[in-house]
Number of protein chains: 2
Amino acid sequence: MKNLRQVTVIGLGLLGSSVTLAVAGGSLGIKAAAYSHRASTRRKARKLGVADVVYDDIRQSVAEADMVILATPICTFEETFKTIGPGLKKGCIVTDVGSTKVLIHKWAKKNLPKGVHFVGSHPIAGSEQRGVDFGRDDLFHNAICIVTGEKNTNPKAAATVKKFWSSLGCKVSTMTPQVHDKILANVSHLPHAMAAALLNASDTQQLKWCGKGFIDTTRIASSPANIWADIFYTNSENICKGIDAAINRLNKLKKAIEMKDKKQIEKLLELARDKRAKLIQYKVSKKELM
Amino acid sequence: MKNLRQVTVIGLGLLGSSVTLAVAGGSLGIKAAAYSHRASTRRKARKLGVADVVYDDIRQSVAEADMVILATPICTFEETFKTIGPGLKKGCIVTDVGSTKVLIHKWAKKNLPKGVHFVGSHPIAGSEQRGVDFGRDDLFHNAICIVTGEKNTNPKAAATVKKFWSSLGCKVSTMTPQVHDKILANVSHLPHAMAAALLNASDTQQLKWCGKGFIDTTRIASSPANIWADIFYTNSENICKGIDAAINRLNKLKKAIEMKDKKQIEKLLELARDKRAKLIQYKVSKKELM
């Protein structure tokens with residue numbers, strides 16, 4: 001990564017500030033620059049020292065950048081590409097931390113100038129918490145990071161992005177944006193839809209009686225609504241297919257319960273239990289549940 | 001609780017062994033007796049010292065009991081009432097730790113002899129783990145315990161059962177079995193159905209890419225399938241209504257996603273987020289999230 005002397009992160013939420021925290025201080029030989037559109041966040045970021053430098057101006061923040069990482073809600077990306085594009089150095093790499101990829105690649109192709117290389121990134125880290133206060137320099141340790149590229153993606157830029165995430169402790173895999181969005185719809189976006197629907201179907205008074213099961217099952221629904229609205233909006237077809245599949249399974253279980261078919265109920269619950277046991281076994285073997 | 005000299009717990013899974021562990025040793029002045037139908041569990045229970053005495057014979061285990069607590073899967077209760085009923089002391093209290101209540105009260109009324117008092121109990125504690133190895137003497141600290149009674153429930157017996165759970169650290173509330181089953185269907189049984197349906201709708205290969213969100217959202221689906229099949233079976237109408245409500249909310253969210261109505265998507269996610277924030281605030285204020 002000798003070609004990376006400065007990385008600029010746009011957006012200082014949980015993910016953005018965790019990137020700058022991991023880079024700041026020079027241990028990787030990279031300067032960590034940052035920009036946030038909120039003055040209060042910039043002040044806090046400077047006070048907490050989450051980056052080597054925090055800029056007040058987005059164009060200025062990227063002028064010297066060898067890599068720019070977008071860490072704001074996805075639907076702001078197209079506008080950001082237009083804003084920063086003209087001022088980027090030739091050879092600059094642009095990437096992001098967004099949870100969907102197809103539309104982002106499309107927007108990058110349309111709006112970034114020639115000589116600037118876009119590569120998609122999705123570090124699967126974070127939590128339901130939001131904001132610069134929750135940034136952690138070890139957030140990416142053992143996290144999966146999916147790097148996405150298409151036919152026309154610059155191979156050197158992709159290699160640099162992969163090395164960058166590896167240096168932050170990520171386990172990096174590559175795939176196309178299309179495959180990424182299909183998989184993530186099912187393993188990440190659908191659970192979010194389920195958690196939100198469960199809460200929305202619940203009676204506030206009754207909830208006082210809930211135990212830890214309900215609390216855990218709905219944890220991700222406490223994530224920022226604007227960030228997730230953008231995710232659902234930019235991966236709509238895949239997510240709707242996922243919701244249909246989940247409704248199908250709910251109806252199958254409901255039918256067994258209605259018919260008082262205890263064997264079938266137990267079979268469906270056992271199937272789910274087995275699947276999760278295998279998943280946990282796999283995740284533990286990969287040290288992804290630390 | 002001077003009238004309680006011996007409590008007998010039938011079933012030494014996570015909940016049953018946690019009850020005996022909390023009572024054993026005499027700190028409450030009560031002898032903790034236990035029975036399990038599995039010889040291997042009885043051996044393990046004796047080795048771990050989870051009870052003051054572990055019986056090989058169920059009738060013998062309850063002969064001297066002032067209170068019997070059923071802690072086996074719900075659908076075994078009716079048979080157990082028939083088995084132990086004739087040998088119970090006059091004035092003996094029978095209760096349980098089952099997650100549904102209406103049918104249990106019905107079975108008790110039908111099968112327990114005159115002079116024996118049934119009161120329902122549902123300590124909302126436990127986890128996805130199973131078995132005597134996971135028993136903990138502090139499992140009930142700050143846990144909610146719902147005690148259920150009907151018009152004909154003996155008030156003294158109900159008072160004793162409430163005192164017993166309080167002495168184990170529970171926060172005790174009372175309601176009718178009907179209200180209990182309605183509430184629990186929504187705050188406990190429905191989340192379980194959602195978690196199972198999410199897993200059953202998921203592709204095993206794709207799951208390798210999941211993050212902690214999926215893991216947490218599905219934790220409760222790792223609970224024993226036979227115990228939960230009994231819960232679904234004995235609370236079928238309420239759970240089916242809950243599943244319908246959840247499907248409605250999923251369809252509402254799906255419609256907003258399909259229509260690319262970002263404002264509506266965000267509104268639905270914000271509604272869920274607000275509800276959970278209020279729930280967490282309430283639970284923290286009640287010290288129920290320790």
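Student: What is the mean pLDDT of chain A?
Tutor: The general idea: pLDDT is the predictor's confidence in each residue, from 0 to 100. Here the mean for chain A is 96, and 100% of its residues reach 70 or more. For the complex, the predictor gives an ipTM of 0.93 and a pTM of 0.93. This is a predicted model, where local features need pLDDT of at least 70 and side-chain atom pairs count only at pLDDT 80 or more, while totals for chains, interfaces and linings use all residues. Residues are numbered from 1 along each chain as its sequence is written, and chains are lettered from A and ligands numbered from 1 in the order in which they are written.

Student: Which domains does the assignment give chain A?
Tutor: Domain bounds come from an automatic or database domain assignment. For chain A that gives domain 1 (6-175) and domain 2 (180-285). Taken over C-alpha atoms, the centres of these two domains of chain A are 30 Å apart. Their contact takes 14 residues from domain 1 of chain A and 16 residues from domain 2 of chain A; two residues are in contact if their C-beta atoms, placed from the backbone, lie within 7 Å.

Student: Which elements does domain 1 of chain A bring to that contact?
Tutor: Helices (H or I, at least four residues) and strands (E, at least two) are DSSP runs, numbered from the N terminus. On the side of domain 1 of chain A that touches domain 2 of chain A, helix H5 (102-111) and strand S8 (144-148) of chain A give two or more residues.

Student: And how many residues do the two chains put in contact?
Tutor: 73 residues of chain A touch 72 residues of chain B. Several helices of chain A each supply at least two residues to that side, including H7 (177-200), H11 (236-258) and H12 (262-285). By class, the side of chain A that touches chain B has 43 nonpolar, 15 polar and 15 charged residues. For that sorting, Ala, Val, Leu, Ile, Met, Phe, Trp, Tyr, Cys and Pro count as nonpolar, Asp, Glu, Lys and Arg as charged, and the others, Gly among them, as polar.

Student: How are the two copies related?
Tutor: Chain A goes onto chain B with an RMSD of 0.0 Å, by a turn of 180° and a shift of 0.0 Å along the axis. The two copies are therefore related as by a two-fold rotation axis. In chain A, Thr217(A) has the C-alpha nearest the axis, 2.0 Å from it. Also, 97% of the interface residues of chain A are interface residues in chain B too, so the copies meet through the same surface.

Student: Is Thr20(B) buried or exposed?
Tutor: A residue is buried if 20 or more other C-beta atoms lie within 10 Å of its own, exposed if 12 or fewer, and partly exposed in between, with C-beta atoms placed from the backbone. Thr20(B) counts as buried because it has 27 C-beta neighbours inside 10 Å. Thr20(B) sits in helix H1 of chain B, and that helix (residues 14-23) is mostly covered, with 10 of its 10 residues buried.

Student: What covers the buried residues of H1(B)?
Tutor: The cover includes strand S1 (6-10), strand S2 (31-35), helix H2 (39-48) and strand S4 (67-70) of chain B. After H1(B) comes Gly25(B), whose phi is positive, near 95°.

Conventions:
Copies are superposed by least squares on the C-alpha atoms of residues with pLDDT of at least 70 in both.
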